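Here are some notes to read alongside the model. Please keep the sequence and the 3D view open while going through the points.

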Amino acid sequence: MRESVIKIENLSYKYEKGSLALKNINIDIKKGEFVGIIGQNGAGKSTLLKNITGLLRPTEGRILVNGRDTINVPVSDLALEVGFVLQNPDRQLFANTVEEEVAFGPKNVGLNEAQIKERVDYALDAVGLNDYRDAFPPALSKGDRAKVVIASVLAMGPQIIILDEPTSGQDYRGCYQIMDIAKEFNKRGHTLVVVTHHMALVAEYTERTIVMMNSEVLLDGSTREVFSHPDKLRMTHIKPPQITEVARSLQPKIPINQTILNVGEFGEKLIALKSEKGGNAVNAG
Ligand SMILES: Nc1ncnc2c1ncn2[C@@H]1O[C@H](COP(=O)(O)OP(=O)(O)OP(=O)(O)O)[C@@H](O)[C@H]1O
Ligand SMILES: [Mg+2]
C-alpha cells in the first residue's frame, strides 16, 4: 500500500463572510497518484486546495501532509512539500525576467548560487522555456506565462504538485503542453493534483477523479469509474467527454463493455471487436 501524502479528515471550511464552502471532506491521496478534481463553479475546489496548501486554515477537521498536521506547519515550510499554482497564475508573476522569477523561491530558501542555477535549469528545461530566460514574464503568451509559474513551483522541488485550473483560458496546444508537463512529473514520482473544467483532459491524463458538488465530495474513484456515472455527474453540471458519450450511445449495437475515456481507446476497442467477430460486431445492424 502506498503511503498517504495528503490525508484530509472531516474538513469543513467557512469563509468569514459566507456560508460553508467545504463540508466534512474526507480524502486520502497516496504518493505518486495523479488526481483530477472537477465540479461546477463554486463547488469548493479552490477552497479545498488552499486548505491543503495552508493558505486557508480548516474551520473544522484536519489535513495531514506527509503525516504532519498542517496546522503546525508554517506556510513557507509547507511550500517545500506542496507546490501550488493558483487559479490565476498571472497573480504569481512579479519579476522582470523569467530567470529571476524562477530563481526567487530557491534564493529565498537560502540555496547557494550553484544550487540555484541547477534548480532554475531543471525547471526551465522541464517546461521548455530555456530560450526565454531574459524575457519579461507579463509579455509572454498566456501558455508561456502559466509555464513560468509552473517552473517557479518546480524549482522548489516539491514532492506534491497542485495546479488549480492550469488549462483555463489556454488554447488546445497550451492545454496539452501543460498536462504533458504534469504527466512527466507524475512519471518522475511526483504526486499531482489538478483542478480543471476540461473533461477530456481529466479523462485522458488522470487515474483518479474527485467530483465536488456544493461544498462536498460527490464521487471519488478511478477516473473510469467516475465517468461511468453520467447521471450523477450531471447533478454538478459535468458532461463526460464527447467520446465517452458517443461510445455509450452506441451500446448495445456496438458492445463496448466499458466506459471509454479517449479516442485512442475507442479506436482500439472497435478494432478488437472487428477482429473478434470477423467484422460483424461493428457492422451488425
Ligand atoms: N474570499 C471568499 N469569501 C467568501 N466566500 C468565498 C470566498 N472565496 C470563495 N467563496 C465562496 O466559496 C464557495 C467555493 O468557492 P471556490 O472558489 O472554492 O469554488 P471553485 O469550485 O474553485 O469554483 P470555480 O470553478 O469557479 O473556480 C463559493 O460559494 C464561493 O462564492
Ligand atoms: Mg476555483
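**Notes on the predicted model**

1. Strand 9 (residues 208–213) and strand 10 (residues 216–222) run antiparallel and are joined by six bridges. Helices (H or I, at least four residues) and strands (E, at least two) are DSSP runs, numbered from the N terminus. Two strands pair if DSSP finds at least two bridges between them. Met213 stands opposite Glu216 in strand 10. Strand 9 and strand 10 form a hairpin with two residues between them, and Asn214 in the turn has a positive phi of about 45°.

2. This is a predicted model, in which local features need pLDDT of at least 70 and side-chain atom pairs count only at pLDDT 80 or more, while totals for chains, interfaces and linings use all residues. Residues are numbered from 1 along each chain as its sequence is written, and chains are lettered from A and ligands numbered from 1 in the order in which they are written.

3. Which sheet holds this hairpin? Axes are lines fitted to C-alpha atoms, for helices over the stretch in contact, and angles run from 0 to 180 degrees between N-to-C directions.

4. Within this sheet, strand 3 (residues 34–39) runs parallel to strand 9, with five bridges between them. Val35 stands opposite Arg208 in strand 9. Two residues are in contact if their C-beta atoms, placed from the backbone, lie within 7 Å.

5. How do helix 5 and helix 6 meet? The axes of helix 5 (residues 142–154) and helix 6 (residues 172–187) come within 10 Å and cross at roughly 15°. That makes helix 5 roughly parallel to helix 6. Angles under 35 degrees count as roughly parallel, over 145 as roughly antiparallel, 65 to 115 as roughly perpendicular and the rest as oblique. Lys142, Gly143, Ala146 and Ile150 of helix 5 make the contact with Gly174, Gln177, Ile178 and Ile181 of helix 6. By class, these residues divide into four nonpolar, three polar and one charged. Ala, Val, Leu, Ile, Met, Phe, Trp, Tyr, Cys and Pro count as nonpolar, Asp, Glu, Lys and Arg as charged, and the others, Gly among them, as polar.

6. Helix 3 (residues 98–108) and helix 4 (residues 113–127) pack at about 130°, with their axes 9 Å apart. That makes helix 3 oblique to helix 4. On the helix 3 side the contact includes Glu99 and Val102, and on the helix 4 side it includes Gln115 and Ile116. The contact has seven nonpolar, one polar and three charged residues.

7. Four other strands form an open sheet in the order 2-1-4-5, with antiparallel pairing. Strand 2 (20–30) and strand 5 (68–69) stand at the edges with a single partner strand each, so one side of each is left without a neighbour in the sheet. Helix 1 packs on this sheet, touching strand 1, strand 2 and strand 4, and its direction makes about 60° with that of strand 2. Five bridges join strand 1 (residues 4–14) to strand 4 (residues 60–65). Ile6 has Val65 as its bridge partner, and Ile8 stands opposite Ile63.

8. Some backbone angles deserve a check. Most residues other than glycine have a negative phi, and most peptide bonds are trans. Asn24 has a positive phi of about 45° and is found in strand 2. A cis peptide bond joins Gln251 and Pro252, with omega about -5°.
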